[in-house]
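Biologist: Before we discuss particular residues, could you put the model up so that we can go through it together?

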Amino acid sequence: MRQVIPLLFVLLTTSAAPAQEVLFAPLLMQTVALVDPTLQPKDLYERHRVVLLLRVASVDKETHTAELAVEQVVKGDFVPRSVHLVLAGEQLERVFFMLMGQGKPMVALLGKSRRPNDLIFYLDGGDGGRWQAAEMDAANPARWTWSTDLERELFGVFNGSAARLGELMQERAIGRDWFPATPFIAFGADRLLGRLDGPARGVALRDLDGDGRLDAYACSEVGDRAWLQAADGTFAPAEERLGFAGCRSRSVAAADADADGRDDLLLDDALWLRGADGRYQRSAALPAAAPGSGRVICSCFIDANGDGWPDVAIARERGGVELWLNPGPGGGVFRDGSEAAGLRRPDASAGGSGWLACGDWDGDGRSDLYFSADGGRLLLNSATAGFSVLPLGYDFASPDGGPAGGAACFAPVWRADRQTLVITRDNALCVVSCEEGKAIDQSLYGNELQIAGDHQLPVVAADIDCDGTIDLYVGSRSGGANMPYMNRGYGSFMVSDRYTPGAFPGQAHRAGARGLAAGDVDGDGAPELLLGAPDGRVTLMPNASLTQRDPPENPSAQQSTLAGIRMLSVEVKGPRGVIGAVLSLRAEDGRLLGLQQIGSANASGCCGPDRVGFALREAGRQVLTVRWSDGVEARWPIKADAKNPIAIIATRPPAEPHQGP
Amino acid sequence: MRTLLLPLLLVLALPLGAAEPATANEPHYEDRSLWPADVGKRPHMRQVWPATRVLTWAKPGVSALKDDKPFETPSFWLEDGKPATKPIDGDCALVLPAMPPGGSKGRYYIVQEAKKNPVPSIRHLTVGAGVTVVWLHSSTGNTWVKKGGELNQQYHYSGDKDSFFRNDNPVPQQPHQQPVAGGPPLYIYPEGERNQLAHPLQVSSLIPGTLFRYGMNDPEASSDHVYFVKAPNASLEVIGRMGCADSFHFKSGTVIISDDSALIAAARGTLGVSPGATLELHSGAAFSKLGNQHGNVDLTIKGRFLAGTVDRPLVRDCFLGVSWKGKRRFMSKDNEKALDGRAERSDDASFIVTPEGTLEVHSADPAKARLIIDWNGRPIIEKEIVKTIGHAENYAKLKEQPPLIDLLLVGTLKIDGLVINHLAKGGLVLADPAQVKQWKHVTWGPDCAGPLVELVRKWDGKPTFAFTNAGGDY
């Protein structure tokens, strides 16, 4: 019989239709798209009468049964508080063992209109999750018979973790879900700023001359370049004018190091202070490297002690991480705080080489460090005991023996309410979240995070598609194509190029990048991308995503939401506490809608501006809170009727600073 | 007494001399029932491995599941016949013996939560009959899945040494095949087996339809994403069948599809061979997509694609199965968009060799042993088409189209023994159309859309998005 039915179908279709008709096989339900826009969780939610969140309470490996605890009835009515799950047959034994485990979350959707006892459920397993089909006993709703492994029949609906799917369903129930199925990113034609004489390294988008407009800086071992943006939006070379002629660097960072109200630059291990005349001069405040020190791989500003004065972290070849503490209001010389901070210990890879990034990973209000040496180390900043070490255990070696990977940034990409460490490996992207103090790599649940480019190195985080979630852009150090990962929410990412290859019309997107920076150059609210390529080109890619938000005549739900988004631009003023400042956006009911931290979302050795953007997807009143790195806080209400775009200059209040956490 | 001693000694000696089964770490290359006569030509056979720890599952038949201790725990293993005292390290060889006969259950399971990333790597793995392994498999050495064994999920093949992946579960027998000593075991599946419709038009493709008799995700050696990241001078030879529900990623090193073996991917997007990487097919081997993707490129070569090699030329046909491309003409405002136009989906080519890529055919008898490039015989997935085409009139036009493929071959080409079938008009785009005349032993299949002069077009020199979309992964 099993063979007759398909045969009958073939006979019916082939006999009733022209020859070409049989090219289309509706029963061939092998939906293999990683994102299937025609069937999304919201569609499943609408099509089923009941939606449940459950947890596996116990598993009986002998009888192949499980007890499930009903944790929440998200939609509809369901009386039983527990469910007994049995297998329909031994053919499901393998998938039973593959998926079942005590404590695992599960999402179940029960009852379509014509098949009230049919249900599907979703569990974590393999790389991602897996959909299964079952039947509810009509006489006993608390007994389900697991009937079919749907394998990939619903692949592309949701490929992430079951817990995040549960969150999506909860938000769907109250109309707050946002899980776009198609990308809506758009960039304009490349703007080539110039070409270095050698491969680009770190790049920066900063206001170098204090005129309020973002400028550009590109490092190169054969000569740095700088460009100032004029009022008409054009960029002109300015390294001579600014005082950087002859500089040769690998890494650039920016902060007001001496709290004089003017941003300064950190080029490798050299501090350049901007004077009142607009020129930068190298300062002796940051001591020169000791004789025999290795070359700088990258460096960054970090407020390590929470006093609001930017400190300096430097990663040298075979030199581990150095921490230089800002002298503070009394001026003077930066002090070597490496030993006291615990960075000279062997387990902190004191003699290692690697990339650096900084950000508050564990949400305790102190900026942590990531160092890629020895498989990657999280250096967690404690109040009293310096940095403790959390080894990550990656292999950053390149298969072709080339330079190692492992560059990183911190950004709230896994969840909106906390930072995640994003690390690039040669052909992979790792997303490491803090879960009760443990480092958990969530990449396997990140859907298209598993699609990697070649020789990935720099990664920058920004809300590139202006929808309220932080996206990732990864550069290829070997000159291959760069990778845009659009954050769909709930831990899921989409490589937009797979669906809209024309979104980046220029060649810079396909020519690799050794340096990346993101910032709103033209003031429209959408962050541009500055790329420093292996061939020396320094290119600005203008972001046109906001220009395509006018809804069509019959907009989809996604289009309607996009059309209603308001853009909030926030510039954080110091002079102290800007590096490491945390900006949080909350709804009127206190829900956290967005989180960003100045200085953390940058690619290693690169630097973005001290202004960030939020895409306000929800209507109503909201509150922006800025917490400077030394604990000073201030709030700005955002009115429900505030017109788009909204700009806030977050000026630091004059109150006495909190002495840090 | 003495007359009994010798026979007694012989009887006692027999079990002592009984051969241990071949494993990934001890492959028994000299055993002709396991390996073909020419195995000596295979890189993995010549590879010398330094000594390593060999850990054997201590209790065959006893499962270790997610709620148990991690499988690295020493108590699960024997080392040199004694309980292991140290956990698994990244360079050990694991042996999972076959399910013992007479047990109450048909198989035993070793299941590990797949959350770990980086995935723990091992050197060699042997999965015996009646064993199901569920973990993210990451190996620098050899992997051998015996008939009746199951390995879920393959993930990562790396390392700087030549190695093999061998799946002894049967490959569907192709019409021209006969069982070869030491080759993959063959099996003829009844029509309709494994939930596959026997598609009538599959018979018009030169790609053996029997390759698709499995379900989408081969349960014996399943995977979602498989990353091949061997060192540049190292290789992995795939013996038997390897399938994946999503994508193969050929990032570095060489992947060799052995004689009569197959890599079948179900991915929607483009698969790619990255610069510096090589994909090598041998006699009877096949590489194909399982579906018939309407968008993106099935396979983009920025590295090398070899059909046979100088040292191991083809003696029988090998196969590259690609998707039918026709939707692109209906997915832009201009329904007559060319292959290298700029419409959203204009890069809807089946197979691309970029300017930095290489395609070579090495054949011992190029008149008979050829690389066959053809439509993979799979029908369109209707649901995807309907939604993306949009307009009913376009859909109607599309359904009138025969299944035709498009090739963009603008890299280094060395062609001697090639069959192309189901080629669209203008479907072969070359940097110099005249170079076709330099190709040797080329056959234009019976289902091509026209005479040669109508099939070939000159490339306009502009790179398409697919050239530089990352790694050829999409």
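Biologist: Is N447(A) buried or exposed, and why?

Modeller: This is a predicted model, in which local features need pLDDT of at least 70 and side-chain atom pairs count only at pLDDT 80 or more, while totals for chains, interfaces and linings use all residues. Residues are numbered from 1 along each chain as its sequence is written, and chains are lettered from A and ligands numbered from 1 in the order in which they are written. A residue is buried if 20 or more other C-beta atoms, placed from the backbone, lie within 10 Å of its own, exposed if 12 or fewer do, and partly exposed in between. Because N447(A) has 24 C-beta neighbours inside 10 Å, N447(A) counts as buried.

Biologist: Where in chain A is the place of N447(A)?

Modeller: Helices (H or I, at least four residues) and strands (E, at least two) are DSSP runs, numbered from the N terminus. On that numbering, N447(A) belongs to the loop between strand 28 (438-441) and strand 29 (456-462) of chain A.

Biologist: Which residues touch the most other members of the largest nonpolar core?

Modeller: A nonpolar core is a set of buried Ala, Val, Leu, Ile, Met, Phe, Trp, Tyr and Cys residues joined through C-beta atoms within 7 Å. The largest has 150 residues, and those touching the most other members are V203(A), A216(A), L356(A), C409(A), V422(A) and V460(A).

Biologist: Which residues does a second, separate core include?

Modeller: That core has 147 residues. Its members include W131(A) and L165(A), together with A98(B) and F351(B).

Biologist: What is the omega of the cis peptide bond between N644(A) and P645(A)?

Modeller: Most residues other than glycine have a negative phi, and most peptide bonds are trans. P645(A) sits in the loop between strand 41 (633-638) and strand 42 (646-650) of chain A. The bond from N644(A) to P645(A) is cis, with omega near -5°.

Biologist: What is the omega of the cis bond that joins G574(A) and P575(A)?

Modeller: P575(A) is found in the loop between strand 36 (566-572) and strand 37 (582-587) of chain A. For the cis peptide bond joining G574(A) to P575(A), omega is about 15°.

Biologist: What is the phi of H441(B), a residue other than glycine?

Modeller: H441(B) lies in strand 31 (residues 440-444) of chain B, and H441(B) is partly exposed because 17 other C-beta atoms lie within 10 Å. Its phi is positive, near 50°.
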